[in-house]
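I opened the model today to see how its parts sit together. Here are my notes, in the order I looked things up.

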Amino acid sequence: MDFTKLNVEFANMQNTITKYNDLVFEIKNRIKNNSRDISKYETRIKNTKSNLEKESLKMLVISLKNETTFLESIIKEEETNERESGTTKTV
């Protein structure tokens, strides 16, 4: 039997799963970095006297919090989908 097509499909599937895992890893790192940046900027807001800088940092913090919330919702939805389908996405 010729397993060439099957081998190619399996390799494609492995590549897709690897890319998926890389994306999930990047999203989790982005969430972690955003949390660190939010903490840093909130400290700067407390310590600065410039109103312009405070307002700018507040907008930045709000933006980072919104991005983090969005990314966390993506991760939670993917975890829910994995539990429902009963599959794991690791190779």
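I started with H1 and H2, which are roughly antiparallel to each other; the label applies to angles over 145 degrees. Helix H1 (residues 4-47) and helix H2 (residues 51-85) pack at about 150 degrees, with axes 9 Å apart. Axes here are lines fitted to C-alpha atoms over the stretch in contact, and angles run from 0 to 180 degrees between N-to-C directions. Helices are DSSP runs (H or I, at least four residues), numbered from the N terminus.

A note on the source: this is a predicted model, so I kept in mind that local features need pLDDT of at least 70, side-chain atom pairs count only at pLDDT 80 or more, and totals for chains, interfaces and linings use all residues. Residues are numbered from 1 along each chain as its sequence is written, and side-chain values use heavy atoms, leaving out hydrogens and water.

Next, I looked up the length of H1.

Which residues of H1 are buried? I found Tyr20, Val24, Ile27, Ile31, Asn34, Ile38, Tyr41 and Ile45, where buried means under 20% relative accessible area with a 1.4 Å probe, protein chains only. These buried residues pack against H2, with contact meaning heavy atoms within 4.5 Å.

Last, I checked Glu55, which is in helix H2. Glu55 has 45% relative accessibility and counts as partly exposed, the class between 20% and 50%. Glu55 and Thr80 lie 25 residues apart in sequence and 37 Å apart in space, C-alpha to C-alpha.

Definitions and conventions: Helix = DSSP H or I, 4+ residues; strand = E, 2+ residues; numbered from the N terminus. Parallel < 35°, antiparallel > 145°, perpendicular 65-115°, else oblique.
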